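Good morning, colleagues. Please look at the sequence and the structure as they come up, and keep them in view while I speak.

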Amino acid sequence: MSKVLKFEGLLTNNGWLCPAYVELDADGNIYSLSQSESAAVTEYVNGYAIPGFQNAHSHSFQYAMSGLAEIHPDPTSQDDFWSWRETMYNIALSLDPDQFEHIATMLYVEMLSHGYTHVAEFHYVHHDKDGKRYTNHAEMGERLISAAKTAGIGITLVPIFYQKGGFGQDPVEKQRRFISASAQDYLELLISSEKASESYSKANVGLGIHSLRAVDKESISAAFAEAKNLPVHIHIAEQLKEVTDCLDFYEQRPVEWLLNTFDVNHNFHLVHATHLSDSEVAGIAQSGAHVVLCPSTEGNLGDGIFPLQSFQQQGGKWSIGTDSHIGLNPLEELRILDYGQRLTTHRRNQFISSSNGDTGLFGVDMALKAGRKAMGNGNKNYFAVGQPLDAVVVDAQAPLIATSRSEHILSTLVYSGDRSHFKGTIVNGDWKVKEGRHLQKGEVVSNFIKSLSELKIR
Ligand code: ZN
């Protein structure tokens, strides 16, 4: 049976449609979209629907360590990305498949509560605790898809090719769960992952290289040759040490080397890309490649500030991700991104808006379109007939929203909002979170607590 939802408003590429009548087919796809009633309304929603946020970079298991690497008993010791990574490795080594799935399910429920409707999972914990393959090569990836299905979020599983311990170095013992011995081994994993994705209609796959330090040149070439039209994800130039190590090994900076060595195009999603020369900024923009920025994690890890202003001026495109999940609020990711620029330039209008100067709209639009590309989805319509209704609904009764003219709604949300401003999140036409509550949350929380108490890490 079809449903007809009436929203107070719905954001289209041409502005707000107020009110908005959305008729859905049995699969949750939009059958009709209009400002006038064409069929009997089955539900009135006192809110403004905007497209669901796209989370373009996630390592789900790291959610379990949120807040655990923040105690620094010796202020004279060096605590940085590399010491954080030791804590992260210890957790990655301790998880069994059930625990891995329970953590991911909890995380995805929380993502939906914050307005994300799709996540790209940059997944590298492939093997068992001894580093041996599971009988099903994609066992752990399949668990992520199962977690996404339980939570009701869309997922792009990006199995990651991880081969080395550093430029020209063998992997260390603690990396044993991540390692593919060869490009062939990785490509088999990719095929198994594609097969696993067939079990969920909102799942697909991407191709991923952990970083230039983690895979050698020939193997990257062999993997890229199989990418075809898949989105390609890679961590790059996140840390200064990575840049100097790359200069030592390849005599070029990471992004410089990538651009000079491979046919980098619009299917590429360069995660972080924090440390760039001017020519690298221009090179990424000209190639059409996207960057994936994870401001809360990058801030937490002390990575640095991406040269956003210069990149945007050259037509560069970016999406957002929550990476380690120290923050899960997409509005906060946009704010931190913008405020990093304001704080360093002493100017307020650092988000470039092509149309009407509305920075909130600009941030939402950029993160949506580039985020969808990171999922292998080139659709630029916010909502359209034939497309699934994937939306987050802003509460029309939230005090600042209730008193805003429509042109102020998005910036009010982006600059002063949080999850309490949402009425809920809809995926494929169904409420996954309604009035702040995910429908399966009770069981998901108890499984999460059970797994975390077994692990004894918190
Ligand atoms: Zn990452």
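**Strand pairing, the zinc site and some local features**

Strands S1 and S2 form a hairpin, with two residues between them. What we have here is a predicted model, in which local features need pLDDT of at least 70 and side-chain atom pairs count only at pLDDT 80 or more, while totals for chains, interfaces and linings use all residues. Residues are numbered from 1 along each chain as its sequence is written, and side-chain values use heavy atoms, with hydrogens and water left out.

When I speak of helices (H or I, at least four residues) and strands (E, at least two), I refer to DSSP runs numbered from the N terminus. Two strands pair if DSSP finds at least two bridges between them.

Let me stay with S1. Which strands pair with S1, and in which sense? With S2, residues 15-17, the pairing is antiparallel over three bridges, and Thr-12 has Gly-15 of S2 as its bridge partner. With S3, residues 20-24, S1 pairs in the antiparallel sense over five bridges. With S5, residues 43-51, the sense is parallel, over five bridges. Leu-5 stands opposite Val-22 in S3, and Leu-5 also stands opposite Glu-43 in S5.

Is S1 mostly covered or mostly open? S1 spans residues 3-12 and is mostly covered, with seven of its ten residues buried. Buried means under 20% relative accessible area, exposed means over 50%, and partly exposed lies in between, using a 1.4 Å probe and protein chains only.

The loop between S2 and S3 contains Pro-19. The peptide bond from Cys-18 to Pro-19 is cis, with omega near -10°.

I turn now to the metal. Which residues coordinate the zinc ion? They are His-57, His-59 and His-235, each through NE2, and Asp-323 through OD, at 2.1 to 2.7 Å. Donors are N, O and S atoms within 2.8 Å of the metal (3.2 Å for Na, K and Ca); water is not among the atoms, so sites may look incomplete. The spacing of the donor residues in sequence is H-x1-H-x175-H-x87-D. His-235 in strand S11 (residues 232-236) and Asp-323 in the loop between strand S14 (317-320) and helix H11 (330-345) link distant parts of the chain, 88 residues apart. Both His-235 and Asp-323 are buried.

Why is the arrangement irregular? The four donor atoms subtend angles of 81 to 174° around the zinc ion, and the arrangement is therefore irregular. Four donors count as tetrahedral if all angles lie between 85 and 135 degrees; four count as square planar and six as octahedral if opposite donors are over 155 degrees apart and all others between 65 and 115; anything else is irregular.

Next, a helix pair. Helix H4 (residues 183-197) and helix H5 (residues 217-225) pack at an angle of about 30°, with their axes 9 Å apart. Axes are lines fitted to C-alpha atoms, for helices over the stretch in contact, and angles run from 0 to 180 degrees between N-to-C directions. H4 and H5 are therefore roughly parallel to each other, a term for angles under 35 degrees, with over 145 counting as roughly antiparallel, 65 to 115 as roughly perpendicular and the rest as oblique.

Finally, His-346, in the loop between H11 and helix H12 (359-374), has a positive phi of about 60° although it is not a glycine. His-346 is exposed, with a relative accessible area of 71%.
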